[in-house]
Structures are given as C-alpha cells and as structure tokens.
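Welcome! Please take a moment to look over the sequence and the 3D structure below, and then read on for a tour of the spaces inside.

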Amino acid sequence: MGTLFVVGTPIGNMDDITYRQLETLKNVSFIAAEDTRVTLKLLNRYDIKKQLVSYHGHSSASIADSIADRIENGEDAAIVTDAGMPCISDPGEILVRICAERNIDIRVVPGPSAVVSAVAVSGLNTSRFSFEGFLSVNKKQRLEHLESIKNDTRTLVFYEAPHKLRNTLDDFLKFFGDRKISLCRELTKVYEEVLRMSISEAISYYENKNPKGEYVLVVEGAPEKKPMGDLDLNQAVMLVRELINDGMKSSEACKKIARETEFSKSILYAELIKNEEG
C-alpha cells in the first residue's frame with residue numbers, strides 16, 4: 001500500500017516552496033496535477049523528472065479510482081493544484097475522499113494558501129472567517145448563496161475572476177450593504193496589489209479601470225444585531241440621519257440600520273419622514 005501526499009505549491013512566486021515539498025515531489029512515483037503544463041514548469045524549475053497524470057474538475061470518477069488503484073498497489077502519489085493547497089475548493093477533494101474510504105494513508109505537505117494570505121493582509125477581523133469559494137455562475141444559485149450569508153458576522157472570503165468582478169461587487173452592495181472590503185490581486189506575484197476600501201468605493205474604482213488577475217475578496221462580516229431593548233426607535237433614526245449626513249441615500253441608510261437593529265427598513269423610513277415633516 002502506497003501513500004497519497006497532498007502537496008501545496010506556490011500561489012504565484014515560485015520561490016515560495018519548501019524543502020519538504022520538493023523532496024516529496026522527487027520521491028513519489030507519480031504526480032496528479034490539475035494542469036500538467038503548469039506543474040511541469042514548477043518541476044523543470046527545480047529539475048524534477050516525474051510522471052504527471054492529468055486530474056482536474058472535468059476528470060471522470062474512473063480517473064480518481066485509477067489513481068487510488070495505483071496507490072493501493074504500492075505506488076506513492078502526490079496531488080497538486082495549479083497554485084496553493086490542493087483539495088480546497090478543488091477537485092482533489094474527491095480523490096482524498098476516495099482514498100480515505102479505501103483506508104489509504106493520506107499525508108499533508110502544507111504550503112501557501114491564497115485564502116489565509118489574503119485574510120492576513122486584509123486589515124479586517126481575522127479571528128473568525130468563512131471561505132465561500134467562487135460564487136456560482138447560475139444566477140439563482142448565486143443570489144441564494146449571497147442571501148444565505150448576508151447576516152453572517154464572520155469575515156467572508158471569496159475567489160473571483162477579473163471578468164466577473166464588477167458584477168460581483170454590485171451583488172455585494174445589494175446583499176451586504178456598503179461594508180469594508182479588501183481586494184487582493186495577484187498575491188506574491190510581480191503586480192501584487194491589496195486595495196482596502198468600502199464596497200461602493202470599489203465599484204467606483206473599477207468603473208474606469210479594467211480588473212486584471214485573479215482576486216481574493218475579503219468582506220467585512222455583518223454587524224452583530226442589537227437586542228430591541230438596547231436601542232429605541234429614536235436612537236435608531238438618529239443613526240440613520242448620521243449616515244445620510246455622511247452622504248448615504250435615505251433608503252440605503254435605513255437598510256443598513258435595519259440590519260444592525262431589529263427595526264425594519266420601512267419602520268425606520270416612515271419615522272424618518274415623520275420627523276422631517278414635523
């Protein structure tokens with residue numbers, strides 16, 4: 001019986017690799033790779049000659065089974081992704097599950113993670129966060145996903161492609177309100193950039209700027225809702241007025257305070273108008 005090694009690889013800068021990762025890749029019988037062309041560049045950089053087996057999101061279940069068969073017959077294998085830790089929002093998850101069901105020995109050789117790296121430099125709360133991966137391209141599933149997490153108080157982390165960024169920011173504003181966001185682009189690469197701003201500022205920023213590179217989006221969690229007894233209606237309306245004075249639209253201000261209290265948007269808006277008329 002062989003062993004499956006889950007091996008992390010650099011997320012951008014090819015110097016971000018450990019001795020243990022290199023030794024593991026040198027010593028296994030073969031490497032299962034998301035994109036053999038990408039992995040070959042890494043292997044060539046460190047003069048590693050090894051058989052590569054293509055294993056990606058469109059691979060059939062029989063491919064995973066054939067890899068597990070080889071391991072059961074005594075070969076050691078490594079599973080790698082194009083960048084970072086495999087098996088996290090990645091088809092390697094299925095291979096690990098199959099090997100676990102067969103009681104195959106599975107060992108991790110950790111490496112860089114775009115998720116943890118982005119959270120670390122985000123400037124947002126890092127004590128509790130939720131990795132949400134890529135949002136679905138299916139509109140219904142995408143909106144249901146955002147609806148289900150809009151009140152999550154943990155910091156939220158997403159992957160996003162550049163051509164989808166503008167639409168995603170619009171959806172964030174609709175479901176989350178104007179929270180803080182950290183947009184981490186091309187981490188560890190030559191054009192690494194981390195933008196820390198509000199969601200509305202990010203929308204304005206990319207109106208005339210073309211998004212480039214792969215993004216990790218780190219979004220501030222929802223504020224803790226205050227019990228009804230902690231804030232009366234007049235106090236809630238005063239908070240709405242403060243936001244309006246800072247330039248926010250009345251409807252958006254009422255929506256934001258409604259998320260932070262137990263007063264509905266309609267009640268806050270009606271009270272706001274009533275006070276103004278009075």
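## Pocket and cavity

The lining of the largest pocket is made up of 18 nonpolar, seven polar and nine charged residues. Keep in mind as you explore that this is a predicted model.

Let us stay with the pocket for a while. Its space comes to about 950 Å³. In total, 34 residues line the largest pocket, and those nearest its centre are Ile-11, Thr-81, Asp-82, Ala-83 and Gly-84.

Now for the cavity. When the whole structure is searched, one cavity of 30 Å³ or more turns up. The largest cavity is lined by Phe-176, Arg-179, Pro-223, Lys-256, Arg-259 and Glu-260. Helix α10, which covers residues 250–260, gives the most to this lining, with three residues. By type, the residues lining the largest cavity are two nonpolar and four charged, with no polar ones.

Here are the two spaces side by side:

| Space | Volume | Lining by type |
|---|---|---|
| Largest pocket | about 950 Å³ | 18 nonpolar, seven polar, nine charged residues |
| Largest cavity | about 30 Å³ | two nonpolar, no polar, four charged residues |

Technical notes: Residues numbered from 1 in each chain as written. Predicted model: local features only at pLDDT ≥ 70, side-chain atom pairs only at ≥ 80, totals over all residues. Heavy atoms only, no water. 1 Å grid on protein atoms, 1.4 Å probe; cavity = no way out; pocket = protein on both sides within 12 Å on 5 of 7 lines; lining within 4 Å. Points joined across faces, edges and corners; volume = space filled by probe spheres on them. Nonpolar A, V, L, I, M, F, W, Y, C, P; charged D, E, K, R; others polar. Helix = DSSP H or I, 4+ residues; strand = E, 2+ residues; numbered from the N terminus.
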